[in-house]
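Here's a short tour of one protein model, written for someone who likes to know the cut-offs. Have a look at the structure, and then we'll start with a single side chain.

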Amino acid sequence: RNKSVETVGTISSPNISEILKFTLLWSDNTKADRLARFAARSLGYTPDAFGIQQAMENVFPSLGISTSGLQVYDGAGLAKFNKVSVRTVAQLLVRIKSDPKYAAIKEGLPVAGESGTLRNRYKEVAQSAAGLVRAKTGWINGTVSLAGYVNVGEQEYVFVVIADRIQPSEPRRKAARETIDKMLATIARPVQAP
């Protein structure tokens, strides 16, 4: 018998780079954890914290990124016992900047005063750095961090700031964020018009 087939509906998914950009822009921890597990599995490791750790320990050194002291307990960076050094993050950011195949990562980072988790920062404090900082925000318990890129005239620099042992309250976290933002504003400069 010949039956006609009628499409009831279709589903499409964004490509992986669009998912990655959204994840970074809005600090979507659920998606970050899923992406890390997916990456570990695609590299032949188990899709759990152990597999993510193994993947990083085996891939990062080949990219010139240190894994010294790295401890991974989840893919989102929320586990209490996660550890990563400033050196590892800085080397990762340099690698991202130097290789066009990682462009989606850099493009996904929020821009100070304009987008994502940085859209409301740099509007009242450190206004001179608005639009000149592209970075990933972070906080957990007594730690606040910001890592990414800052424009200083014609140059773009990598930076990583981790403020640790902060009293776990929103006023203290806010003060730490403002201090980080003010510090970046002391060096951020737009490109001078000819």
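## Starting at Asp99

At 15% relative accessibility, aspartate 99 counts as buried, where buried means under 20% relative accessible area, exposed means over 50%, and partly exposed lies in between (1.4 Å probe, protein chains only). Its side chain meets that of arginine 95 in a salt bridge of 3.6 Å, N to O. The term stands for a side-chain nitrogen of Lys or Arg within 4 Å of a carboxyl oxygen of Asp or Glu. Arginine 95 is partly exposed at 26%.

A word on the ground rules: this is a predicted model, so local features need pLDDT of at least 70 and side-chain atom pairs count only at pLDDT 80 or more, while totals for chains, interfaces and linings use all residues. Numbering runs from 1 along each chain as its sequence is written, and side-chain values use heavy atoms, with hydrogens and water left out.

How many salt bridges does the rule give? The count comes to eleven. Side chains of opposite charge can pair when their charged atoms come close.

One of them joins lysine 21 and glutamate 18, at 3.7 Å from N to O. These two sit three residues apart in helix H1, so about one helical turn separates them. (Helices are DSSP runs of H or I with at least four residues, strands are runs of E with at least two, and both are numbered from the N terminus.) Lysine 21 is partly exposed at 22%, and glutamate 18 is partly exposed too, at 40%. The pair also belongs to a salt-bridge network that links Glu18, Lys21 and Glu107.

Aspartate 33 is buried at 17%, whereas arginine 37 is partly exposed at 27%.

## Ser27, between two helices

Serine 27 is found in the loop between helix H1 (16-26) and helix H2 (29-42). Is it buried or exposed? With 18% relative accessibility, serine 27 counts as buried. Leaving out residues up to four places away in sequence, serine 27 touches Thr117, Lys136 and Thr137; contact here is heavy atoms within 4.5 Å.

With lysine 136 there's also a side-chain to side-chain polar contact at 2.5 Å. That term covers a pair of N or O atoms within 3.5 Å; within protein, one must be able to donate a hydrogen and the other to accept it, and residues adjacent in sequence count only if both atoms are side-chain atoms.

Three strands make an open sheet in the order E1-E2-E3, with antiparallel pairing; strands pair if DSSP finds at least two bridges between them. Strand E1 (133-140) and strand E3 (155-163) are the edges, each pairing on one side only. The twist averages 10° from one strand to the next, using lines fitted to C-alpha atoms (for helices, over the stretch in contact) and angles from 0 to 180 degrees between N-to-C directions. E1 and strand E2 (residues 143-152) are joined by eight bridges, and threonine 137 has leucine 146 in E2 as its bridge partner.

Helix H6 (residues 170-185) packs on this sheet, touching E1, E2 and E3, and its direction makes about 20° with that of E2. The buried residues of H6 include Ala176, Ile180 and Leu184, along with Arg173, Arg177 and Asp181. Their cover includes E1, E2 and E3.
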